[in-house]
Amino acid sequence: MDVEEAKRLAGIAACDHVSSGMRIGLGTGSTVHHTIVELARRQDEEGLEVVGVPTSEATAALARTLGIPLVDLDDVPSLDLVIDGADEFDPSFHLIKGGGAALLREKVVAQASRAMVVVADDRKQVDVLGAFPLPIEVTPFAAHTTVRAIAEVLGCEVRLREGSDGLVVTDNGNHIADAFTGPRITDPQESERSLLQLAGVVQVGLFVGMCDVVYLAGSNGVERLVNANGRMGN
Ligand code: 5RP
């Protein structure tokens, strides 16, 4: 099975958690794209009734195109579930996110959700986080100073992410610093804590203790991995 098909199957499988009446956080990325398309299909063909809170302007645009009703997170008490992608997850279900530069809204939405379901292909499963450069959202003010401070804290190379038009600007008007730690983030909670002490760091793409279930797609199909310490444990 090719990667695109694997992503599609994982994205669709996660929709098993969704039923009418739910408020759903809608993640960002190419895997959860398939989840959102499937939710729209169920809405149109099976009468599913949900409202969504998007984690990025790109996801909001997709949901609007597909006719999924959206609400403002501030207008609802909580979300039943967020479904989102990940760049890496470790055996404790800790995540690196932010490859799509949406980590701040993704984290706010995940924190407002009663459960988090991740959709991924098997390239994302790792023993230790960090082969994927860690995305960190930083203020435009003194961004290079913050990059130097991050490099000092982590002891690795850190670069501001560039797109075709210069530095990447997030939906919140910030930049993304990518930290090339290598696979040695053994204590993600401590890494997150120390980075958040830097004033120019807005948020860190480490999601610690948030993910409850991963739908993991590989050559043998989709596997459901449940976090035994999570909120949807067996
Ligand atoms: C965006 C993210 C994405 O969820 C993550 O990059 C995974 O994306 P994809 O499913 O396209 O591999 O964190 O900020």
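Figure 1. Helices (H or I, at least four residues) and strands (E, at least two) are DSSP runs, numbered from the N terminus. Along the principal axes, the C-alpha trace spans about 55 × 35 × 35 Å. Of the 234 residues, 55% count as buried; buried means under 20% relative accessible area, exposed means over 50%, and partly exposed is in between (1.4 Å probe, protein chains only). Keep in mind that this is a predicted model: local features need pLDDT of at least 70, side-chain atom pairs count only at pLDDT 80 or more, and totals for chains, interfaces and linings use all residues. Residues are numbered from 1 along each chain as its sequence is written, and side-chain values use heavy atoms, with hydrogens and water left out.

**Figure 2. Two lysines and the ring of Phe-207.** Here the charged end of Lys-107 sits over the ring of Phe-207, 5.4 Å from its centre. The charged end of Lys-97 sits over that ring too, 5.7 Å from its centre. A charge counts as sitting over a ring if NZ of Lys or CZ of Arg is within 6 Å of the ring centre and within 35 degrees of the ring normal.

**Figure 3. A look into the largest pocket.** Its volume is about 180 Å³. The lining is made up of 15 residues, and Thr-28, Gly-29, Ser-30, Ala-86 and Asp-87 lie nearest the centre. Sorted by type, the lining has two nonpolar, eight polar and five charged residues. Ala, Val, Leu, Ile, Met, Phe, Trp, Tyr, Cys and Pro count as nonpolar, Asp, Glu, Lys and Arg as charged, and the others, Gly among them, as polar. On a 1 Å grid over the protein atoms alone, a pocket is an open set of points where a 1.4 Å probe fits, with protein on both sides within 12 Å along at least five of seven lines; lining residues have an atom within 4 Å of a point. Grid points are joined across faces, edges and corners, and the volume is the space filled by probe spheres set on the points.

**Figure 4. Phe-93 and Ala-142, two residues with a positive phi.** Most residues other than glycine have a negative phi. Phe-93, though, has a phi of about 65°. You'll find Phe-93 in the loop between strand E4 (88-89) and strand E5 (95-96), and it is buried at 9% relative accessible area. Ala-142 has a phi of about 55° and belongs to the loop between strand E7 (134-138) and helix H5 (143-154). With a relative accessible area of 33%, Ala-142 is partly exposed.
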